[in-house]
Amino acid sequence: IHFIRHAEGEHNVAERAQPKGPLRDAVYTDPQYFDAVLSSDGVKQCDRCSALERRRETVRAAAGPHVYLKAAPRAGGRVAAAPDPPDATLGLAMCKSATWIAHEDAREHCPYGANPCDKRRSAEEQAKEFETVDFSLVPVGPDQFLEVTETKEALDARCRRLLEFLAARPEQVIAVVSHCAFLGRLFEAHFSWSGSPWFKNVECRTVVLRLKSQD
């Protein structure tokens with residue numbers, strides 16, 4: 001399973017421009033970064049990933065079906081790579097044989113309530129823009145995710161649900177695109193990762209998981 005943090009978003013650029021403290025914290029609560037889009041460097045990061053994906057095409061075909069699982073917000077949806085036409089509006093390196101799934105449990109951890117950059121538009125609206133992505137696992141209607149504080153216990157439960165979902169998939173190679181705090185907790189608490197759990201933008205960590213049955 002390849003775990004990937006989304007490409008650089010405009011909110012990432014804005015927070016790095018501020019010193020640590022109230023000014024940087026204010027970026028996360030700024031409504032202009034609602035459902036944040038990629039920065040110009042984030043688009044370039046995606047272009048580089050796209051070129052890599054095209055070089056891997058023969059390997060991917062030999063390896064069998066793939067699933068790309070992504071978080072629902074826009075930045076998470078556009079991480080993997082910029083596509084070839086006619087999918088130019090999607091912002092993903094589209095492998096035509098792969099299944100693309102938006103999953104609510106892969107969203108960011110927001111211990112103080114959801115920041116605008118981590119919120120999303122409705123599943124119905126996103127499905128119109130990202131036509132090749134399956135949004136059936138994202139609740140319909142306005143975003144209600146993390147409107148209250150998410151405890152570490154609740155976050156860990158979400159990590160376990162996602163792992164159980166992955167264990168139930170028939171594919172042998174899966175890419176999960178998500179966010180820094182969520183991936184950090186997943187690696188720190190559930191994979192016993194020995195290094196730093198924090199991901200840089202478009203950082204990919206590949207792990208082989210043997211997922212045990214709960215029976």
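This is a predicted model: local features need pLDDT of at least 70, side-chain atom pairs count only at pLDDT 80 or more; totals for chains, interfaces and linings use all residues.
Local features were taken at pLDDT of at least 70 and side-chain atom pairs at pLDDT 80 or more, while totals for chains, interfaces and linings use all residues. Residues count from 1 along each chain as its sequence is written, and side-chain values use heavy atoms, with hydrogens and water left out.

**View 1. Strand β1 and its two partners.** Strand β1 (residues 2-5) runs parallel to β5 (residues 173-178), with 4 bridges between them. Toward β6 (residues 204-206), β1 is antiparallel, over 3 bridges. Look for Ile4 bridged to Val177 of β5, and Phe3 bridged to Arg205 of β6. (Strands pair if DSSP finds at least two bridges between them; helices, H or I of at least four residues, and strands, E of at least two, are DSSP runs numbered from the N terminus.)

**View 2. Phe3 meets Phe187.** These two rings sit edge-to-face, 5.5 Å centre to centre with 90 degrees between the planes. Phe3 belongs to strand β1 and Phe187 to helix α8, so the contact ties together parts 184 residues apart in sequence. Phe3 is buried at 0% relative accessibility, and Phe187 is buried at 0% too. (Buried is under 20% relative accessible area, exposed over 50%, partly exposed in between, with a 1.4 Å probe and protein chains only.)

View 3. Phe3, Phe187, Phe191, Trp193 and Phe199 make up one aromatic cluster, and the model has 5 aromatic pairs. (Rings of Phe, Tyr and Trp, the last by its six-membered ring, pair with centres within 6.5 Å; planes under 30 degrees apart are stacked, over 60 edge-to-face, the rest tilted.) Trp193 is partly exposed, at 34% relative accessibility. Arg205 puts its charged end over the ring of Phe187, 5.3 Å from the centre, and also lies over the face of Phe199, at 3.9 Å from the ring centre. (That takes NZ of Lys or CZ of Arg within 6 Å of the ring centre and within 35 degrees of the ring normal.)

**View 4. The largest pocket.** This pocket holds about 520 Å³ of space. Its lining has 20 residues, with Tyr28, Glu108, Asn115, Asp118 and Ala181 closest to the centre. Helix α1 (10-16) gives the most to the lining, 3 residues. (On a 1 Å grid over the protein atoms alone, a pocket is an open set of points where a 1.4 Å probe fits, with protein on both sides within 12 Å along at least five of seven lines; lining residues have an atom within 4 Å of a point. Points join across faces, edges and corners, and the volume is the space filled by probe spheres set on them.)
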